[in-house]
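Please read them with the model open.

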Amino acid sequence: MKILCASSFAKQLESLLGDYKEEDLTAIKNFKMYLDTIILNMPTKVQKFKKSVYFDDDNIRDIEHQGLIIPFYIDEETGDYLILGIVKK
């Protein structure tokens, strides 16, 4: 099992972190720690997440938390997860 990130996720994350730059470093660290925790725990909580509202595919789920949506794809053959993006709700 691997957790992979699409290039769109990296670009969207960079944009979100840009919003924090002018605030304070503590907010950025807290957000990053929160995001890392969600990503690391994703495989164990996959059944908790609902089918994505953005895609018509049962293997794509959405993580919703604190006004953000993180859609991810579950490759059932390999058991890998692909994080597709991160957007504000």
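1. A strand here is a DSSP run of E of at least two residues, and strands are numbered from the N terminus. In this predicted model, lysine 51 belongs to strand β2. Its relative accessible area is 35%, so lysine 51 counts as partly exposed; the partly exposed class lies between under 20% for buried and over 50% for exposed.

2. Which residues does lysine 51 touch, once neighbours within four places in sequence are left aside? The contacts are Asp56, Asp57, Asp58, Ile60, Arg61 and Asp62. With one of these, aspartate 56, the contact is polar: side chain to side chain, at 3.3 Å.

3. Sequence separation and spatial distance can be set side by side for lysine 51 and leucine 25. The two are 26 residues apart in sequence, and their C-alpha atoms are 34 Å apart in space.

4. Is valine 53 buried or exposed? Valine 53 is exposed, because its relative accessibility is 57% and the exposed class begins over 50%.

5. Valine 53 is also part of a nonpolar surface patch, together with Tyr54 and Phe55. The accessible area of these three residues together is about 310 Å².

6. How many aromatic pairs does a search of the whole structure find? The search finds 3. One of them joins phenylalanine 31 and tyrosine 34, with ring centres 6.2 Å apart and planes at 45°, a tilted arrangement. Phenylalanine 31 and tyrosine 34 are both buried. They sit in helix α2 (residues 25–41), and because they are 3 residues apart there, about one helical turn separates them.

7. Phenylalanine 72 and tyrosine 81 form another tilted aromatic pair, with a centre-to-centre distance of 6.2 Å and an angle of 45° between the planes. Why do both partners count as buried? Phenylalanine 72 is buried because its relative accessibility is 0%. Tyrosine 81 is buried because its relative accessibility is 9%, and the limit for the buried class is under 20%.

8. The pair in the previous point belongs to a wider group. Ring pairs link Phe72 and Tyr81 with Phe49 into a cluster.

Key
Residues are numbered from 1 along each chain as its sequence is written. This is a predicted model: local features need pLDDT of at least 70, side-chain atom pairs count only at pLDDT 80 or more; totals for chains, interfaces and linings use all residues. Side-chain values use heavy atoms; hydrogens and water are left out. Patches are made of residues with over 30% relative accessible area and no salt bridge: like charges are joined within 9 Å, nonpolar side chains (Val, Leu, Ile, Met, Phe, Trp, Tyr) within 5 Å. Accessible areas come from the Shrake-Rupley method with a 1.4 Å probe; for residues, only the protein chains shown count as cover. A salt bridge is a side-chain nitrogen of Lys or Arg within 4 Å of a carboxyl oxygen of Asp or Glu. Buried means under 20% relative accessible area, exposed over 50%, partly exposed in between (1.4 Å probe, protein chains only). Rings of Phe, Tyr and Trp (its six-membered ring) pair if their centres lie within 6.5 Å; planes under 30 degrees apart count as stacked, over 60 as edge-to-face and the rest as tilted. Helices (H or I, at least four residues) and strands (E, at least two) are DSSP runs, numbered from the N terminus. Contact means heavy atoms within 4.5 Å. A polar contact is a pair of N or O atoms within 3.5 Å; within protein, one must be able to donate a hydrogen and the other to accept it, and residues adjacent in sequence count only if both atoms are side-chain atoms.
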